[in-house]
Amino acid sequence: MSPRAISTLARSLSIFLVIASVLIPAMIFAFVTIGDSLELSLLGNADVELQKDDFTPVMRAILGLFAIGYLTPLLVGFMGLKQTFDEAAQARWLSEKSVAGFQRFAWANLALICYEVFGGAFLVTYIRLQQIPNQISFMFGLTTEFFTALFIALAILVVAHIFAAGKTAYEENQSFV
(Lines give C-alpha, C1' and ligand atoms only; values in the text may rest on other atoms or scores of the structure.)
Protein backbone atom coordinates (compact mmCIF):
# COMPACT_ATOMS: atom_id res chain seq x y z
CA MET A 1 0.00 0.00 0.00
CA SER A 2 1.41 3.38 -0.93
CA PRO A 3 1.98 6.10 1.68
CA ARG A 4 -0.74 8.18 0.05
CA ALA A 5 -3.23 5.28 0.24
CA ILE A 6 -2.30 4.70 3.89
CA SER A 7 -2.89 8.39 4.68
CA THR A 8 -6.25 8.36 2.90
CA LEU A 9 -7.39 5.21 4.67
CA ALA A 10 -6.15 6.52 8.03
CA ARG A 11 -8.09 9.77 7.53
CA SER A 12 -11.26 7.81 6.71
CA LEU A 13 -10.84 5.54 9.74
CA SER A 14 -10.26 8.56 11.96
CA ILE A 15 -13.57 10.04 10.81
CA PHE A 16 -15.27 6.67 11.36
CA LEU A 17 -13.96 6.56 14.94
CA VAL A 18 -15.35 10.05 15.66
CA ILE A 19 -18.76 8.98 14.38
CA ALA A 20 -18.63 5.71 16.36
CA SER A 21 -17.54 7.63 19.49
CA VAL A 22 -20.75 9.64 19.30
CA LEU A 23 -23.21 7.02 18.04
CA ILE A 24 -22.28 4.10 20.32
CA PRO A 25 -22.73 6.04 23.60
CA ALA A 26 -25.92 7.66 22.24
CA MET A 27 -27.40 4.27 21.33
CA ILE A 28 -26.45 2.78 24.70
CA PHE A 29 -27.92 5.80 26.54
CA ALA A 30 -31.14 5.50 24.54
CA PHE A 31 -31.35 1.80 25.25
CA VAL A 32 -30.72 2.18 28.98
CA THR A 33 -33.32 4.94 29.32
CA ILE A 34 -36.10 3.68 27.02
CA GLY A 35 -35.30 0.05 26.10
CA ASP A 36 -37.80 -2.63 27.06
CA SER A 37 -36.01 -5.89 26.28
CA LEU A 38 -32.40 -7.04 26.36
CA GLU A 39 -30.47 -10.15 25.50
CA LEU A 40 -26.98 -9.70 26.91
CA SER A 41 -24.07 -11.91 25.99
CA LEU A 42 -20.80 -11.04 27.69
CA LEU A 43 -17.41 -12.73 27.36
CA GLY A 44 -17.10 -15.59 29.82
CA ASN A 45 -20.61 -15.14 31.24
CA ALA A 46 -23.97 -16.78 30.79
CA ASP A 47 -26.44 -15.04 28.51
CA VAL A 48 -29.07 -12.94 30.26
CA GLU A 49 -32.47 -11.86 29.03
CA LEU A 50 -34.44 -8.94 30.42
CA GLN A 51 -38.08 -8.33 29.58
CA LYS A 52 -40.16 -5.19 29.98
CA ASP A 53 -41.10 -6.01 33.60
CA ASP A 54 -37.41 -6.40 34.56
CA PHE A 55 -36.60 -2.79 33.66
CA THR A 56 -37.06 -1.13 37.03
CA PRO A 57 -35.41 2.23 37.72
CA VAL A 58 -32.75 0.45 39.79
CA MET A 59 -32.06 -2.02 36.95
CA ARG A 60 -31.72 0.87 34.50
CA ALA A 61 -29.28 2.57 36.89
CA ILE A 62 -27.22 -0.64 37.21
CA LEU A 63 -27.18 -1.08 33.43
CA GLY A 64 -26.18 2.58 33.07
CA LEU A 65 -23.29 2.17 35.51
CA PHE A 66 -22.14 -0.97 33.71
CA ALA A 67 -22.36 0.88 30.39
CA ILE A 68 -20.25 3.76 31.73
CA GLY A 69 -17.63 1.26 32.87
CA TYR A 70 -17.71 -0.36 29.44
CA LEU A 71 -17.70 2.86 27.45
CA THR A 72 -14.75 4.38 29.32
CA PRO A 73 -12.04 2.02 28.03
CA LEU A 74 -13.82 1.73 24.68
CA LEU A 75 -13.73 5.49 24.09
CA VAL A 76 -10.20 5.85 25.49
CA GLY A 77 -9.12 3.17 23.03
CA PHE A 78 -10.99 4.83 20.16
CA MET A 79 -9.33 8.18 20.88
CA GLY A 80 -5.89 6.57 21.08
CA LEU A 81 -6.44 4.85 17.75
CA LYS A 82 -7.81 8.08 16.27
CA GLN A 83 -4.63 9.85 17.36
CA THR A 84 -2.58 7.18 15.56
CA PHE A 85 -4.73 7.50 12.44
CA ASP A 86 -4.52 11.31 12.51
CA GLU A 87 -0.73 11.10 12.63
CA ALA A 88 -0.71 8.53 9.80
CA ALA A 89 -2.96 10.82 7.74
CA GLN A 90 -0.17 13.41 7.99
CA ALA A 91 2.49 10.79 7.10
CA ARG A 92 3.93 10.90 10.63
CA TRP A 93 4.07 7.11 10.98
CA LEU A 94 6.39 6.89 13.97
CA SER A 95 5.68 10.14 15.77
CA GLU A 96 5.50 10.21 19.55
CA LYS A 97 1.76 10.90 19.35
CA SER A 98 1.20 8.01 16.94
CA VAL A 99 3.01 5.49 19.11
CA ALA A 100 1.42 6.77 22.34
CA GLY A 101 -2.03 6.63 20.76
CA PHE A 102 -1.57 3.05 19.64
CA GLN A 103 -0.28 2.03 23.07
CA ARG A 104 -3.32 3.67 24.69
CA PHE A 105 -5.56 1.75 22.30
CA ALA A 106 -3.82 -1.53 23.16
CA TRP A 107 -4.10 -1.07 26.94
CA ALA A 108 -7.73 0.08 26.64
CA ASN A 109 -8.56 -2.98 24.56
CA LEU A 110 -7.12 -5.28 27.22
CA ALA A 111 -8.96 -3.36 29.97
CA LEU A 112 -12.22 -3.66 28.03
CA ILE A 113 -11.92 -7.44 27.82
CA CYS A 114 -11.13 -7.74 31.54
CA TYR A 115 -14.05 -5.45 32.41
CA GLU A 116 -16.45 -7.41 30.24
CA VAL A 117 -15.47 -10.69 31.89
CA PHE A 118 -15.23 -9.63 35.54
CA GLY A 119 -17.64 -6.68 35.58
CA GLY A 120 -20.01 -8.75 33.46
CA ALA A 121 -19.97 -11.51 36.07
CA PHE A 122 -21.18 -9.04 38.70
CA LEU A 123 -23.83 -7.66 36.34
CA VAL A 124 -25.12 -11.12 35.43
CA THR A 125 -25.17 -12.09 39.12
CA TYR A 126 -27.17 -8.95 40.00
CA ILE A 127 -29.65 -9.49 37.16
CA ARG A 128 -30.16 -13.14 38.08
CA LEU A 129 -30.64 -12.21 41.73
CA GLN A 130 -33.37 -9.76 40.70
CA GLN A 131 -35.06 -12.35 38.50
CA ILE A 132 -34.84 -15.22 41.03
CA PRO A 133 -34.71 -13.73 44.55
CA ASN A 134 -32.72 -15.51 47.27
CA GLN A 135 -30.79 -17.59 44.76
CA ILE A 136 -27.34 -16.19 44.17
CA SER A 137 -24.67 -17.68 41.98
CA PHE A 138 -21.50 -16.00 40.81
CA MET A 139 -19.73 -17.50 37.85
CA PHE A 140 -17.74 -16.76 34.79
CA GLY A 141 -16.36 -19.14 32.25
CA LEU A 142 -13.14 -19.38 30.36
CA THR A 143 -14.46 -19.92 26.85
CA THR A 144 -12.70 -20.09 23.52
CA GLU A 145 -14.29 -16.72 22.72
CA PHE A 146 -12.64 -15.26 25.84
CA PHE A 147 -9.25 -16.78 25.04
CA THR A 148 -9.47 -15.57 21.44
CA ALA A 149 -10.30 -12.02 22.55
CA LEU A 150 -7.55 -12.13 25.18
CA PHE A 151 -4.99 -13.41 22.67
CA ILE A 152 -5.87 -10.67 20.19
CA ALA A 153 -5.71 -8.00 22.92
CA LEU A 154 -2.32 -9.24 24.09
CA ALA A 155 -1.06 -9.44 20.50
CA ILE A 156 -2.12 -5.83 19.92
CA LEU A 157 -0.34 -4.86 23.15
CA VAL A 158 2.87 -6.57 22.01
CA VAL A 159 2.61 -4.88 18.60
CA ALA A 160 2.21 -1.53 20.38
CA HIS A 161 5.45 -2.14 22.27
CA ILE A 162 7.20 -3.30 19.07
CA PHE A 163 5.94 -0.07 17.49
CA ALA A 164 7.50 1.92 20.37
CA ALA A 165 10.80 0.00 20.11
CA GLY A 166 10.85 0.60 16.36
CA LYS A 167 10.33 4.31 16.95
CA THR A 168 13.26 4.39 19.37
CA ALA A 169 15.50 2.49 16.91
CA TYR A 170 14.45 4.83 14.10
CA GLU A 171 15.32 7.89 16.20
CA GLU A 172 18.72 6.40 17.11
CA ASN A 173 19.45 5.69 13.44
CA GLN A 174 18.45 9.22 12.49
CA SER A 175 20.91 10.63 15.02
CA PHE A 176 23.78 8.82 13.26
CA VAL A 177 22.91 10.20 9.84
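Predicted model: local features only at pLDDT ≥ 70, side-chain atom pairs only at ≥ 80, totals over all residues.
**Helices H1 and H2**

- Helix H1 covers residues 3-34. It has 32 residues and reaches 46 Å from its first C-alpha to its last. That is close to the 46 Å expected at 1.5 Å a residue.
- The buried residues of H1 are Ser-7, Ala-10, Ser-14, Leu-17, Ala-20, Ser-21, Pro-25 and Val-32. They pack against H2.
- An α-helix has 3.6 residues a turn, so residues three or four places apart point the same way.
- Helix H2 covers residues 57-89. It has 33 residues and reaches 45 Å between its first and last C-alpha atoms. The expected value is 48 Å, and the reach is close to it.

**Helix H4 and its cover**

- Helix H4 holds 33 residues, 144-176. At 1.5 Å a residue it should span 48 Å. Its end C-alpha atoms are 48 Å apart, so the span agrees.
- Buried in H4 are Phe-146, Ala-149, Ala-153, Ile-156, Leu-157, Ala-160, Ala-164 and Lys-167.
- Helix H3, residues 96-131, is included in what covers these buried residues of H4.

**Aromatic pairs**

- The model has 5 aromatic pairs.
- One of them joins Phe-66 and Tyr-115. Their ring centres are 5.1 Å apart and their planes stand at 25°. Planes under 30 degrees apart count as stacked, so this pair is stacked.
- Phe-66 lies in helix H2 and Tyr-115 in helix H3, so the pair ties together parts that are 49 residues apart in sequence.
- Phe-66 is buried, at 11% relative accessible area. Tyr-115 counts as partly exposed, at 24%.
- Phe-102 and Phe-163 form an edge-to-face pair. The distance is 5.8 Å centre to centre, with 80° between the planes.
- This pair links distant parts of the chain. Phe-102 is in helix H3 and Phe-163 is in helix H4, 61 residues apart.
- Phe-102 has a relative accessible area of 16%. The limit for buried is under 20%, so Phe-102 is buried.

**The largest pocket**

- The largest pocket has a volume of about 230 Å³.
- Its lining is made up of Ile-28, Phe-31, Val-32, Leu-38, Leu-40, Ser-41, Leu-42, Leu-63, Phe-66, Ala-67, Tyr-70 and Glu-116.
- H2 gives the most, with 4 residues.
- By class, the lining has 10 nonpolar, 1 polar and 1 charged residues.
- Val-32 lines the pocket and is buried in H1. Phe-66 lines the pocket and stacks with Tyr-115.

**Leu-43, in a loop**

- Leu-43 sits in the loop between S1 and strand S2 (48-50).
- Leu-43 is buried, with a relative accessible area of 7%.
- Not counting residues up to four places away in sequence, Leu-43 touches Ile-113, Glu-116, Val-117, Glu-145, Phe-146 and Ala-149. Among them, Phe-146 and Ala-149 are buried residues of H4. Glu-116 also lines the largest pocket.
- Leu-43 and Phe-147 are 104 residues apart along the chain, yet their C-alpha atoms are separated by 9.4 Å.

**Ala-108, in helix H3**

- Ala-108 has its place in helix H3. Its relative accessible area is 7%, and it is buried.
- Leaving aside neighbours within four places in sequence, Ala-108 is in contact with Pro-73, Val-76 and Gly-77.
- Ala-108 and Phe-78 are 30 residues apart in sequence. In space they are 8.7 Å apart, C-alpha to C-alpha.

- Ala-91 is found in the loop between H2 and H3, just after H2.
- The phi of Ala-91 is near 60°, a positive value in a residue other than glycine.
- Ala-91 is partly exposed, with a relative accessible area of 44%.

Technical notes:
Residues numbered from 1 in each chain as written. Heavy atoms only, no water. 1 Å grid on protein atoms, 1.4 Å probe; cavity = no way out; pocket = protein on both sides within 12 Å on 5 of 7 lines; lining within 4 Å. Points joined across faces, edges and corners; volume = space filled by probe spheres on them. Helix = DSSP H or I, 4+ residues; strand = E, 2+ residues; numbered from the N terminus. Nonpolar A, V, L, I, M, F, W, Y, C, P; charged D, E, K, R; others polar. Expected span 1.5 Å × (residues − 1). Buried < 20%, exposed > 50% of the residue type's maximum accessible area, 1.4 Å probe, protein only. Contact = heavy atoms within 4.5 Å. Phe/Tyr/Trp six-rings, centres within 6.5 Å; stacked < 30°, edge-to-face > 60°.
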